[in-house]
Amino acid sequence: MLTIYSDAHHLHHGCELKDGVLMPCFEQPGRADTILARVRATGLGPVAAPGEYDSVRYARVHSPRYVRFLERAWDEWTAIGRSHDALPLIWPVRDLRGDIEPEFIDGKLGFYAMDAGVAITAGTWKAARASANVALTGMDALLAGEGSAFALCRPPGHHAAAEYMGGYCYLNNAAIAAQSCLDGGAGKVALLDVDYHHGNGGQSIFYQRDDVMFLSLHGDPKYSYPYFSGHRDETGAGAGLGFNHNYPLPHGTGWPAYGEALDHACGQIAAYAPDALVVSLGVDTFKDDPISQFRLESEDFLRLGARIAKLDLPTLFVMEGGYMVDDIGINAVNVLTGFQAGG
Ligand SMILES: NCCCCCC(=O)NO
Ligand SMILES: [Zn+2]
């Protein structure tokens, strides 16, 4: 299996406000380094650098003004004499105005964010666009006839929606790739999110559309981040009604229950009969993940890949979360080797 990877991810590692404490972000460069080392150690396949893409490709799922914000935020932040990481600190919640973009950077940071888990640093824009380019390059490989590819994206993307960042995510790499697949001639694409956390960004972007079916297995938002999306009754709207499927699962979920939900989701995908499948691959469903509460074992990730392979679809895996750095390489690559064995 072809892996796409960019060293540019090292340009990004900011802080985050977690549990009321300002700390180095859990989403750290070592995650991608460990996965890349495992890709190489297992001989998964060739590793290629991403191509260059115009930012108009990101604006196929994000608003142009949001892309402009990401590109200019660091310069606007430092233009007023600041040199430390930029973090949002006020948001347009409830009856505060969210219809007018503030002109001052402090206002823009909250206007374009859902939480304080998204620092803007000197290298964030370069790293975020390289990550989106990794996903676009992986999708181009599928469009060129590859049966599967692994977009080793960092920073991740599945919490980023059309006009907001959050949960370590800036550009929605998987959504950008899904849209690129449609722009490349596909009629329908399925986006399956197996990260522990609900992929609110992908859901939001495609919620009113029937050309992308979004499905997500995740920690129940009643007590798991992102808390405010991912319930079972979110089934799409307008033309998209019936094309959004959420599988909220309880703390402590292990393979039997997880595999059952995955089976159901795969049944929905098979019935939808898409031209391609994009998988938001988070491995924070691992039993030892420091910020998540499922109980999957490393061997279960082989089963996960094998089940996805049974769909017999061109498949792009896009890296999302997973924070047990010692095991993240084993778990992520287990999905890919399980897929290859199961296909
Ligand atoms: N800082 C709050 C927790 C962010 C979760 C990020 C993640 O893994 N999403 O899939
Ligand atoms: Zn996650």
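These exercises cover the pockets and aromatic contacts of a predicted model.

**Exercise 1. Describe the largest pocket: its volume, its lining and the elements that contribute to it.**

Step 1. Start with the space. The largest pocket holds about 970 Å³.

Step 2. The lining has 38 residues. Those nearest the centre are M114, D115, Y225, P226 and Y227.

Step 3. Find the elements. β2 (15-18) and α3 (105-111) each give two or more residues to this lining. The largest share, three residues, comes from β2.

Step 4. Sort the lining by class. It divides into 21 nonpolar, 11 polar and six charged residues.

**Exercise 2. Classify the ring pair of F111 and Y112, and decide whether each residue is buried or exposed.**

Step 1. The structure holds 15 aromatic pairs.

Step 2. Take the geometry. The ring centres of F111 and Y112 are 4.8 Å apart, and the planes meet at 90 degrees. Pairs with planes over 60 degrees apart count as edge-to-face. The F111 and Y112 pair is therefore edge-to-face.

Step 3. Check the accessible area. Buried means under 20% relative accessible area. F111 has 11%, so F111 is buried. Y112 has 0%, so Y112 is buried.

Step 4. Widen the view. Ring pairs link F111 and Y112 with Y66 and F69 into a cluster.

**Exercise 3. Work out which parts of the chain the pair of Y258 and F294 ties together.**

Step 1. The rings of Y258 and F294 have centres 6.1 Å apart and planes at 70 degrees, so this pair is edge-to-face.

Step 2. Place each residue. Y258 lies in helix α7 (residues 255-272). F294 lies in the loop between β9 (276-281) and α8 (298-309).

Step 3. Conclude. The pair therefore ties together parts that are 36 residues apart in sequence. Both Y258 and F294 are buried.

**Exercise 4. Which rings have K18 and R82 over their faces?**

Step 1. K18 lies over the face of F26, at 5.2 Å from the ring centre.

Step 2. R82 lies over the face of W77, at 4.3 Å from the ring centre.

Step 3. Connect this with Exercise 2.

How values were computed
Residues numbered from 1 in each chain as written. Chains lettered and ligands numbered in written order. Predicted model: local features only at pLDDT ≥ 70, side-chain atom pairs only at ≥ 80, totals over all residues. Heavy atoms only, no water. 1 Å grid on protein atoms, 1.4 Å probe; cavity = no way out; pocket = protein on both sides within 12 Å on 5 of 7 lines; lining within 4 Å. Points joined across faces, edges and corners; volume = space filled by probe spheres on them. Helix = DSSP H or I, 4+ residues; strand = E, 2+ residues; numbered from the N terminus. Nonpolar A, V, L, I, M, F, W, Y, C, P; charged D, E, K, R; others polar. Phe/Tyr/Trp six-rings, centres within 6.5 Å; stacked < 30°, edge-to-face > 60°. Buried < 20%, exposed > 50% of the residue type's maximum accessible area, 1.4 Å probe, protein only. Lys NZ or Arg CZ within 6 Å of the ring centre and 35° of its normal.
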